[in-house]
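Hi there,

Here is the structure I promised to send over. Have a look first, and my notes follow below.

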Amino acid sequence: MEAGRLYQSLRGRLYRRLPVLAVPLGLLDWAPGAKPGTDGRAYFAPPDWFAAADAEDVLLHSVLHAMLGHPWTRGRRDAARWDLACDMAAEFLRQRLLDRPLEGLYAQAFYACGDGAAYSARSVYARLEGEFPIPQDELREAFRRDSHEYWAAAAQREHNDENDSSRRKAHGRDLHRVKAERIEPAHEYSHRAP
Ligand SMILES: [Zn+2]
């Protein structure tokens, strides 16, 4: 099957499992890339990746990054630690959405993050800056699912958009309207029964 259709089928399976993701899933179309990952606009993956046994889990992990703005909200934080914090927050949320229990290192890391902190990359990042009972290399190994190589371009674009918006605002245009123009409806999923 052609790669675009394999992606549609993968996305459809994830949507049927989690209809709540209709909008973010609908926004991410496939584009060829060396590794699976997202910049918040496209879902990149090599055409032969769709058959991977964990493809659905990886896609969900990446979609959560996009939903939570991880690719473009690092700011001045350390890139490696931010990557890890985002992976941990995305994985904890993924397990929660799929109603899967946290076991082993996932459980240990979740409780080490403390109450209410584990689902927020910013909070996890702050925890990782202090004493954390599990070495970061071990955490990286356990929580990495996708590639974050597309994030730098996403952050740069957001930065440029903000500058553009500021200029437009200076000319009397509404900042919120500019942002809203970038959101499109999830046409192909909105009326399909799960
Ligand atoms: Zn990730």
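Predicted model: local features only at pLDDT ≥ 70, side-chain atom pairs only at ≥ 80, totals over all residues.

**The sheet and its surroundings**

Strand β2 pairs with strand β3 (residues 42-45) in the antiparallel sense, over 2 bridges. Strands here are DSSP runs of E with at least two residues, helices are runs of H or I with at least four residues, and both are numbered from the N terminus; two strands pair if DSSP finds at least two bridges between them.

Residues are numbered from 1 along each chain as its sequence is written.

The open sheet has 3 strands in the order β1-β3-β2, with mixed pairing. Because β1 (29-32) and β2 (37-38) are at the edges with a single partner strand each, one side of each has no neighbour in the sheet.

Stepping back, the protein chain has 9 helices and 3 strands, and along the sequence they follow α-α-β-β-β-α-α-α-α-α-α-α. Of its 194 residues, 28% count as buried, that is, with 20 or more other C-beta atoms (placed from the backbone) within 10 Å of their own.

A word on confidence: pLDDT, the predictor's confidence in each residue from 0 to 100, has a mean of 87 for the protein chain, and 85% of the residues reach 70 or more. Over residues 172-194, though, pLDDT stays under 50.

Best wishes

Definitions and conventions:
Buried ≥ 20, exposed ≤ 12 C-beta atoms within 10 Å, placed from the backbone. Contact = placed C-beta atoms within 7 Å.
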